Amino acid sequence: MTIENISANKSFGGWHKQYSHYSNSVNGTMRFAIYLPPQVAKGEKVPVLYWLSGLTCSDENFMQKAGAQRIAAELGIAIVAPDTSPRGEDVANDDGYDLGQGAGFYVNATQAPWNKHFQMYDYIVNELPELIEATFPVSQQRAISGHSMGGHGALMIALKNASRYSSVSAFSPITNPVNCPWGQKAFSAYLGNDKANWLEYDASVLMRNATEFVPARVDQGKGDNFLVEQLKPEALVAAAIESDYPLELNQHEGYDHSYYFIASFIEDHLRFHSEHFVK
């Protein structure tokens, strides 16, 4: 598969690079960013953390705002940040920020017009890792993390693919999308009105029914203005109790939904994932 390098910036002895490529999954061009730590220049294959961003974001938000490169360089972890949806003039969109381009929700859409391009689940789980592992000096050890909509995606994907990931973490995730306005709007558009089809993409439902466990860490700011209506961490906690899932939930007084929160605790998340990679 041909990929095109868009930009390259040296950072903490490694390289942050952006690429675009044609995706068979989404039937169009996708962009992703990758941070390659300095260990790869020494011939080492490094594990990969896949980062899924939230509503309205692209591959750039996390890489520019989270401050993750310093710790990733120390720990020898590559970070891959894909875009949050397919984009382009021929890609369906919506006037709202919470549906369409920039709001793929990491599902495989079944409803027109979304199903032509919005196959983000297949892209994240299969196509993108295959491309990364075939192109860059990385191992097949994978972890996954994300924020808000991306936190939903990270938890949901890890719960559905326990053998593919050594750990999962999330900041301010949408934990129970079938029961919040963001999730209900997106799922009804992408998946149709049969709510039984929504359940396979809901982290709380999946965690409640889990039989394979991926170590999970969630951090939530208690000053988050989306906490009560959209994020509902109590649903995830209840699910973890029911299935005895190894979930670590950390709640932080005063922190909001922004990248100031993520930057404050990203080191803890990277060290969490590093502990679960096989040395």
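Trainee: Where does proline 113 lie?

Mentor: Proline 113 is located in the loop between E5 and H3. The model is a predicted one, and every value below is computed from it. The peptide bond that joins alanine 112 to proline 113 is cis, with omega about 0°. The loop between E5 and H3 also holds tyrosine 106, a residue that is not a glycine and yet has a positive phi of about 60°. Both features deserve attention because most residues other than glycine have a negative phi, and most peptide bonds are trans. Tyrosine 106 has a relative accessible area of 0%, so this residue counts as buried.

The ring contacts follow. The count of aromatic pairs in the model is 18. One of them is formed by tyrosine 19 and phenylalanine 136, edge-to-face, with 5.3 Å from centre to centre and 65° between the planes. This pair joins distant parts of the chain, 117 residues apart: tyrosine 19 belongs to strand E2 (residues 14-23), and phenylalanine 136 to the loop between helix H3 (120-135) and strand E6 (138-147). Tyrosine 19 and phenylalanine 136 are both buried.

Phenylalanine 105 sits in the loop between strand E5 (78-82) and H3, and phenylalanine 187 in helix H5 (residues 181-191), so the contact ties together parts 82 residues apart in sequence. Phenylalanine 105 is buried, as is phenylalanine 187.

The buried residues of H5 are Trp182, Gly183, Ala186, Phe187, Ala189, Tyr190 and Leu191. Because these residues cover an arc of only 165° around the axis, they are on the same side of H5. They pack against helix H4 (149-160) and helix H7 (227-231). Glycine 192, which follows H5, has a positive phi near 95°.

E5 pairs with E3 in the antiparallel sense over four bridges, and valine 80 in E5 stands opposite isoleucine 34. Strand E3 (residues 28-36) is mostly covered, with seven of its nine residues buried. E3 also runs antiparallel to E2, to which nine bridges join it; here methionine 30 in E3 is the bridge partner of histidine 21. E2 and E3 form a hairpin with four residues between them, and asparagine 27 in the turn has a positive phi of about 60°.

Other ring contacts complete the account. Trp51, Phe62, Phe171, Tyr255, Phe261 and Phe265 make up one aromatic cluster. Lysine 17 lies over the face of tryptophan 15, 5.8 Å from the ring centre, and lysine 160 over the face of tyrosine 201, at 5.5 Å from the ring centre.

Methods: Residues numbered from 1 in each chain as written. Predicted model: local features only at pLDDT ≥ 70, side-chain atom pairs only at ≥ 80, totals over all residues. Heavy atoms only, no water. Phe/Tyr/Trp six-rings, centres within 6.5 Å; stacked < 30°, edge-to-face > 60°. Helix = DSSP H or I, 4+ residues; strand = E, 2+ residues; numbered from the N terminus. Buried < 20%, exposed > 50% of the residue type's maximum accessible area, 1.4 Å probe, protein only. Lys NZ or Arg CZ within 6 Å of the ring centre and 35° of its normal. Arc of directions from axis to C-beta. Contact = heavy atoms within 4.5 Å. Pairing = 2+ DSSP bridges.
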